[in-house]
Structure formats: structure tokens, C-alpha cells
Amino acid sequence: MVTVEQEIKALSLEDLKKLRMRWERLHHAPCPHMLSRDLLTRMITYKLREQAYGGFKPAVRRKIKALVEQLNNQGGAAFEVSPTLRSGSRLIREWRNKTYVVHVKSEGFECQDRHYTSLSEIAREITGARWSGPRFFGLVKSRKTVVSSGEVDHG
């Protein structure tokens, strides 16, 4: 049985005509002819992985739908860009000449061999003051990004 990753690797060997046919089968629609080979391959790859492993989480789909509605109704949409912490990530912060390493776990955080439920809890422990953990560790959300309908290619 061929795995999804083997199938994706094989895409590099297919000619443009076969890639377009593959795209049409996956999307149940004619393939746009303006797509480059690279973009077509990337789109097919995404669709294959989506079918095999699942697409966006429901919360992400709801957010995208809300942004599209906002864009259509108001001619623009604002959204916040924020980092996502994944299990296995490390955060490093120096405070008063001491380095603190926080390990992101599937259920919380670990710092200096102690378990914490939030970054703010760790920041308070380190500083002795009520800090925002994400701010203390440099994870503050960036300013809102605004997209106007003029920037969207409806092609």
C-alpha cells in the first residue's frame, strides 16, 4: 500500500497534464490553467494531506468563515496574529542574570523541574510580581493585521 508521503513524493515525477488531471479529481472542478507546476504540486500535496490527516480544526474554520463574512460585508477584515506553542517547544528568558528555560508540555509547562499550568504562573514565580506570562516570555500578540477587499485576488 502506498503511503500519502510516497504519493506526494511521486508528484515530482508527473508531467503538468497529469498534475492538472489529479487536481481536477481531488477538487471536482476544472484546474485553473494559470497555476504554475510548483503551486499546483503544493495544492495537490495539501489536499492529499488534508484527506489523509484531516483539515483545519473547527475553531480555525469558524475564524476563517467569520473573516470572510467580515471581508464581504465591510470590505475589510482585521485579525490578530499570535504564536502557537506546541508541545516540545522551549522558551528561554534571562532575568536578573539568570537564564530560565521553560519546556512546553502537552498539559502545561515545566520550569526548573516544576510543573505549571500557565506561563503567568512561571513569570510571577521568577519576578515576584504579577506579570503576563506571554508578555514576559516575548509572546505578546502582534498588532492586528487588516486586509481590505482590494488586496484579495478573486481570480
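**Contacts, burial and charges**

Trainee: What does Arg20 touch?

Mentor: Leaving aside residues up to four places away in sequence, Arg20 touches Cys31, His33, Leu35 and Leu40. Contact here means heavy atoms within 4.5 Å.

Trainee: Before I go on, what sort of model is this?

Mentor: A predicted one: local features need pLDDT of at least 70 and side-chain atom pairs count only at pLDDT 80 or more, while totals for chains, interfaces and linings use all residues. Residues are numbered from 1 along each chain as its sequence is written, and side-chain values use heavy atoms, with hydrogens and water left out.

Trainee: Back to Arg20, then. Which element is Arg20 in?

Mentor: Helix H2, residues 16-27. Helices (H or I, at least four residues) and strands (E, at least two) are DSSP runs, numbered from the N terminus.

Trainee: And is Arg20 buried or exposed?

Mentor: Arg20 is buried, yet has no salt bridge. Buried means under 20% relative accessible area, exposed over 50%, and partly exposed in between, with a 1.4 Å probe and protein chains only. A salt bridge needs a side-chain nitrogen of Lys or Arg within 4 Å of a carboxyl oxygen of Asp or Glu.

Trainee: Where is the nearest side chain of opposite charge?

Mentor: That is Glu24, 7.2 Å away. Lys and Arg count as positive and Asp and Glu as negative; His and the chain ends are not counted.

Trainee: Leu40 was on that contact list. Which residues of H3 are buried?

Mentor: Leu40, Thr41, Ile44, Thr45 and Leu48. Seen down the axis of H3, the buried residues fall within an arc of 135°, so they line one face of the helix. The arc is taken from the directions from the helix axis to the C-beta atoms.

Trainee: What covers that face?

Mentor: Helix H1 (4-10) and H2 are included in the cover over the buried residues of H3. Turned away from the buried side, H3 carries the exposed residues Arg42 and Tyr53.

Trainee: How far does H3 reach?

Mentor: H3 covers residues 37-53, 17 residues, and its first and last C-alpha atoms are 24 Å apart, close to the 24 Å expected. The expected span is 1.5 Å times one less than the number of residues. H3 is followed by Gly54, with a positive phi near 100°.

Trainee: Now charges. How many salt bridges are there?

Mentor: Six. One of them joins Arg42 to Asp38, with the closest N and O atoms 3.0 Å apart. Both lie in H3, four residues apart, about one turn of the helix. Arg42 is exposed at 55% relative accessible area, whereas Asp38, at 46%, is partly exposed.

Trainee: What does Arg114 pair with?

Mentor: Glu125, at 2.9 Å from N to O. That pair links distant parts of the chain, with Arg114 in strand E5 (residues 114-116) and Glu125 in helix H5 (residues 119-127), eleven residues apart. Arg114 is partly exposed at 42%, and Glu125 is partly exposed at 48%. Elsewhere, salt bridges that share partners join Glu7, Glu14 and Arg22 into one network.

Trainee: How far apart are Glu14 and Arg22 in their salt bridge?

Mentor: Their closest N and O atoms are 3.7 Å apart. Arg22 counts as buried, at 11% relative accessibility.

Trainee: Last topic, the whole chain. How many helices and strands does the chain have?

Mentor: Six helices and six strands, running α-α-α-α-β-β-β-β-β-α-α-β from the N terminus. Of the 155 residues, 25% are buried.
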